[in-house]
Amino acid sequence: MKNEILSHLPGDFPWQVHWYDTAPSTNDLLKKWGKEGAVHGTAVIADRQTGGRGRLGRSFHSPAGCGIYLSVLLRPNCKATELMHLTCAAAATVCDAVEAVSGFRPGIKWINDLIAGGKKLGGILTELSLGVDGSVEYCVIGIGINCVKNPFPEELKDIAVSLEEASGLQVDRSRLIAMLLQELHTMSQALLTDKAARMAQYRRDCITLGKEIQVIRNGVHLPAVAEDLDDDGGLLVRYSDGHRETVSSGEVSVRGMYGYI
Ligand code: BTN
């Protein structure tokens, strides 16, 4: 599989690409390598994960031969406060890659879920390691995409979908992986300077905007309308009593008023 992926990349592609048949979690692997000094532009892809993780401690279903489980380690030279938009930039970039290969552009449920036909197609998990002064030592961007129609477990049957089902096409995983790597590489080259353009694309892709949602904080569900996004990807919501707040992805999750989205 590694050779197939490389065959779709330009010969001078500068990132290091590692392929595993099985990994616990490609994000965990890269976080370990990050501590050990892995260079900017190290990518790990696994055919299967035994401990795939999502945001807020959730698991990510990662069976063999069915999806893309890919993580990239970057070492941008900046403070964490300059990278607040990273999840949004990565999500919009992943949509670009999926569209380029399949013709189908997913939507994004704030902040990091890829959506097709009202169901979850995949997700993004970004994690930062910081120095004492708040500078970024490294960041890991993890991407999971359900590609092939697969027997989802009972708890995911009604909320998960594959790219093959969404696009009606057979998806060549190695081509999509190569496209993701190239688009992420382009994104990484202008991570700080291209922020406004990436956020503008994210705003177009974000299906949460304008919707009635529930803001979930510490198990409490509050009805609200998702009105807008700030420049860092914070979600501006208006509660039923008219009070407005910008919520950040670290503290809340959102659900649709009547279902998953
Ligand atoms: C989410 O659903 O909240 C995000 C899912 C992210 C899954 C990807 S798969 C590759 C990488 N490794 C992980 O353990 N998680 C991410």
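The side chains of Asp205 and Arg105 come together in a salt bridge, with N and O 2.8 Å apart, where a salt bridge is a side-chain nitrogen of Lys or Arg within 4 Å of a carboxyl oxygen of Asp or Glu. Asp205 belongs to helix H6 (residues 195-205), whereas Arg105 sits in the loop between helix H3 (86-102) and strand S4 (107-109), so the pair ties together parts that are 100 residues apart in sequence. Helices (H or I, at least four residues) and strands (E, at least two) are DSSP runs, numbered from the N terminus. Asp205 is buried at 7% relative accessibility, while Arg105, at 23%, is partly exposed; buried means under 20% relative accessible area, exposed over 50%, and partly exposed in between (1.4 Å probe, protein chains only).

This is a predicted model, in which local features need pLDDT of at least 70 and side-chain atom pairs count only at pLDDT 80 or more, while totals for chains, interfaces and linings use all residues. Residues are numbered from 1 along each chain as its sequence is written, and side-chain values use heavy atoms, leaving out hydrogens and water.

A further salt bridge joins Lys120 to Asp113, whose closest N and O atoms are 2.8 Å apart; here Lys120 is partly exposed at 24% relative accessibility, and Asp113 is buried at 8%. Through shared partners, salt bridges link Asp96, Glu99, Arg105, Arg198 and Asp205 into one network, and the structure holds 18 salt bridges.

Turning to the whole protein chain, there are 6 helices and 12 strands, and buried residues make up 50% of the 261 residues.
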